[in-house]
Amino acid sequence: MTSTTLPPVHDVDRSLEPLFDLRGVNHKYGRNHVIFDVDLAVWPGEVVALVGDNGAGKSTLLKIFAGYQPPTSGTMRFQGQEVRFASPAAARDLGIEAVYQDLAIVDQLSLWRNFYLGKELVRRVGPLSILRRTAMREACEAALADLGLTRIRSADEAAFALSGGERQSVAITRAMHFGAKLLLLDEPTAALSVRETRNVLADIRKAADRGLGVLYIDHNMVHVLPVADRIVLLELGRVVRVIDRGEVDAEELADLVAASRDHDEVSSRRPTRRN
Amino acid sequence: MTVTSDPLVTRPTASPTRSRSLVIGRLARRQEFGPSVGLLVTVAVFTILSANFWSPNNLTAITTIASTVGIVAIGVTMLMISGEFDLSVGQLYAFTPIVWGILFITLRINEWVALAGALAVAAGVGTINGWVTTYFRIPSFIATLGMLFVLQGLNNLLISGNQLLAFGDHPTMVLLGSRLGELPFYMPIVWLGFFALVFWFVLGRTRYGNWTFATGGKAGPAKAMGVATSRIRRTNFIVCSMLAGLAGCMQFAYLRGVTQAQGDKYELLAITAAVLGGTSLFGGSGTIVGSVIGALLLATIQIGLVLIGAPGSFYVTFIGLLLVVVVISNVRLGRFGGRE
């Protein structure tokens with residue numbers, strides 16, 4: 001699916017309007033100041049990785065992006081328009097889809113029922129909304145095949161038979177199918193095998209290649225390196241470094257990765273990807 | 001019971017081509033397969049052990065018990081799939097016909113209006129159960145246990161040990177409980193078939209059913225995907241209460257009398273029927289047909305044991321053992337993972 005070496009640099013046209021643009025964002029929980037003057041933009045077709053330790057403020061930024069909470073101060077623009085989300089639903093209406101590690105899929109439902117959950121195709125007969133089962137089954141299979149998820153055999157399969165990576169892929173496909181413009185991924189490869197990680201990263205890349213902006217949040221740079229166009233390092237609520245794939249030389253990258261990997265082996269037991 | 005050898009444990013190995021041999025496999029993988037085999041085996045055993053098993057009187061006894069338990073179990077199944085329990089259905093099964101009887105026999109209100117009023121009261125009970133559970137976020141087990149005692153007290157207050165009797169051919173009574181011509185069956189079995197069909201359709205073919213599964217399966221993602229999980233739960237509480245109340249009215253219409261003891265332990269029998277039929281105790285999985293089969297199984301065992309000379313109320317011992325064995329085997333076989 002993907003090469004195991006570093007992927008090529010992708011062309012992202014930053015002369016265009018960014019998809020999502022945070023300017024001078026601060027956030028406080030009561031007296032606890034957790035985000036300091038963060039500027040962060042995602043352009044269409046770009047995978048931006050937000051990397052930082054636990055407590056660096058990644059989740060807080062994710063919640064701001066996804067509409068769970070407005071920032072204490074600063075501005076948010078979506079496609080050039082200033083926005084202030086009242087709820088996650090408001091963010092979803094604009095095409096911002098968050099895919100969380102454990103919150104993606106209902107085990108007991110079949111794939112197509114999961115795929116269309118909350119957005120079912122129905123035929124109204126009096127008070128009943130009757131499911132258009134064949135249409136949904138076929139469209140779901142087509143969408144999954146379109147993304148190259150050939151490893152999924154049938155849309156009738158119950159979701160509990162899916163692996164962790166397949167769940168992520170289905171959730172990403174679903175978001176794309178329903179017109180997402182910005183994908184927010186929270187550690188999508190945590191606890192996945194090397195092979196599964198590769199599949200999920202390939203799906204993320206495909207989403208970006210189709211013009212979606214992707215904000216990929218992880219605690220470890222090693223995880224995001226194969227797919228990110230830009231890596232934003234976050235420390236104690238501040239952006240400390242922005243690494244553009246095209247601007248950093250291989251040696252420096254290797255040093256950063258080595259530092260990150262050492263750190264990972266010491267601080268956590270998550271599977272590490274080898275490059 | 002052959003539930004232990006349930007073939008459902010094999011994971012679906014769907015292939016692109018659905019050959020003839022797969023048809024049998026698909027049938028065997030259906031959730032209702034285990035309970036169906038259990039019912040057939042039970043019927044076969046009693047047919048061999050008792051010459052009277054297929055007698056009209058016996059068929060009447062089995063089908064009327066199965067019908068009323070089954071209708072209550074359909075509502076309980078909807079509620080359990082959405083992840084909640086209702087322990088008040090047994091008391092409501094007496095309370096609703098008592099209210100109906102008082103309205104149209106004692107107070108001489110038009111019988112149709114009285115029936116509608118009684119069902120509205122049942123719906124009100126369901127509304128309270130659902131509201132208390134979802135608004136205060138307490139376990140439905142506790143909310144409906146409270147309702148059980150509230151209704152028991154009200155039943156006691158309303159007829160305290162007496163019996164409400166209905167004489168004459170009231171159209172509502174005919175509709176709910178009359179005999180089907182010369183057949184050994186009564187109206188409740190028709191209603192059981194009707195509601196089984198309606199809720200089979202609602203559960204599998206409508207958005208409401210899809211949302212019911214999703215709510216009980218994993219409320220977090222369901223809510224994140226836009227499913228109104230609290231509204232689904234509250235509605236299923238109302239469905240459950242109305243079906244229990246209506247089934248209670250059917251027993252009143254069939255027996256022509258109601259006491260406060262009617263529906264004793266029905267809350268547990270309905271849950272048992274649902275669980276024997278494959279409904280998960282943890283929500284997100286279950287079938288209507290399975291619960292109906294579970295109710296038939298309960299009734300068959302109850303009457304069958306009496307027929308072969310077992311002491312009158314010994315059957316509950318048997319049902320209790322069966323329930324525990326079925327749940328243990330289902331859990332061990334990973335059946336409660338749920339499936340399409």
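**View 1. Helix α5 of chain A spans residues 164-177.** This helix has 14 residues and reaches 20 Å from its first C-alpha to its last, close to the 20 Å expected at 1.5 Å a residue. The expected span is 1.5 Å times one less than the number of residues. Helices (H or I, at least four residues) are DSSP runs, numbered from the N terminus. α5(A) is mostly covered, with 13 of its 14 residues buried. Buried means that 20 or more other C-beta atoms, placed from the backbone, lie within 10 Å of the residue's own. Just after α5(A), A:Gly179 has a positive phi of about 80 degrees.

The model is predicted: local features need pLDDT of at least 70, side-chain atom pairs count only at pLDDT 80 or more, and totals for chains, interfaces and linings use all residues. Residues are numbered from 1 along each chain as its sequence is written, and chains are lettered from A and ligands numbered from 1 in the order in which they are written.

**View 2. Helices α4 (residues 89-106) and α5 (residues 111-135) of chain B pack at about 150 degrees.** Their axes lie 8 Å apart. Axes are lines fitted to C-alpha atoms over the stretch in contact, and angles run from 0 to 180 degrees between N-to-C directions. Residues in contact have C-beta atoms, placed from the backbone, within 7 Å. α4(B) contributes residues including B:Leu92, B:Trp100 and B:Phe104, and α5(B) residues including B:Glu111, B:Leu115 and B:Val125. The contact residues divide into 12 nonpolar, 2 polar and 1 charged. Ala, Val, Leu, Ile, Met, Phe, Trp, Tyr, Cys and Pro count as nonpolar, Asp, Glu, Lys and Arg as charged, and the others, Gly among them, as polar.

**View 3. Chain B meets chain A through 25 residues of chain B and 24 residues of chain A.** On the chain B side, α9 (207-217) and α10 (219-224) each supply at least two residues. α9(B) gives the most, with 6 residues.

Conventions. Two residues are in contact if their C-beta atoms, placed from the backbone, lie within 7 Å. A residue is buried if 20 or more other C-beta atoms lie within 10 Å of its own, exposed if 12 or fewer, and partly exposed in between; C-beta atoms are placed from the backbone.
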